[in-house]
Amino acid sequence: MLGEKIEDALNSQLNAELYSAYLYLAMNAYFESIDLGGFANWMRIQAQEELSHGMKIHDYIIQRGGRVILEEIEKPQTEWESPLDVFEHVYAHEQKVTGLINDLVNLSIEEKDHATNNFLQWFVEEQVEEEESSSGILNKVKLAGKDASSILMLDNEFGQRMFNPPSSE
Ligand code: FEO
């Protein structure tokens, strides 16, 4: 059985993951609006990943006999200045999510909930990857600058991204 504080915190993280999916879908829509279909594809896949993160938490709450409570999802930003502006936002957002995961891990330690602590380790590792991939892309977009052919090459690369559902380990 989940303690109340952990259950509330997991429900908040579920909401944060769904918000992330919403944010990346908004970025997908922005890229579609400026005809960068490959960048849009990258965001669409990222949104699917965030939804799968949310579902992982959803299923864990149920597995531990808790109650999933769905709250309102905040409206995301809809406009950005440029692809660089978007990826600066992505990197900052992922750093923020890492902070949320760390707070949850700290709470699981305070509450002596070893099962939740163990469950959260997947997210700790995932955030290392999320920060690495978003900062890597941010650097590529910075290097491309305003050079149209470089941006189109990146668009082609990001168009290849496919969704790999996370393992259930
Ligand atoms: Fe669910 Fe991008 O972290």
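This is a predicted model: local features need pLDDT of at least 70, side-chain atom pairs count only at pLDDT 80 or more; totals for chains, interfaces and linings use all residues.
Residues are numbered from 1 along each chain as its sequence is written, and side-chain values use heavy atoms, without hydrogens and water.

Q: What makes up the secondary structure of the protein chain?
A: It comes to 5 helices and 0 strands. Helices are DSSP runs of H or I with at least four residues; strands are E runs of at least two. The pattern along the sequence is α-α-α-α-α.

Q: Why is H2 called roughly antiparallel to H4?
A: Helix H2 (residues 37–63) and helix H4 (residues 114–144) pack at an angle of about 170°. Angles over 145 degrees count as roughly antiparallel, so H2 is roughly antiparallel to H4. Their axes, lines fitted to C-alpha atoms over the stretch in contact, are 12 Å apart.

Q: Which residues of H2 and H4 meet?
A: Contact means heavy atoms within 4.5 Å. Among the residues that meet are Phe 39, Trp 42 and Tyr 60 in H2, and Phe 119, Trp 122 and Val 141 in H4. The contact residues divide into 10 nonpolar, 4 polar and 5 charged.

Q: Why does the radius of gyration of the protein chain agree with a compact globule?
A: The rule is 2.2 Å times the number of residues to the power 0.38, taken over C-alpha atoms. With 169 residues a compact globule would be near 15 Å; the chain has 17 Å, which agrees.

Key. Axes are lines fitted to C-alpha atoms, for helices over the stretch in contact, and angles run from 0 to 180 degrees between N-to-C directions. Angles under 35 degrees count as roughly parallel, over 145 as roughly antiparallel, 65 to 115 as roughly perpendicular and the rest as oblique. Ala, Val, Leu, Ile, Met, Phe, Trp, Tyr, Cys and Pro count as nonpolar, Asp, Glu, Lys and Arg as charged, and the others, Gly among them, as polar.
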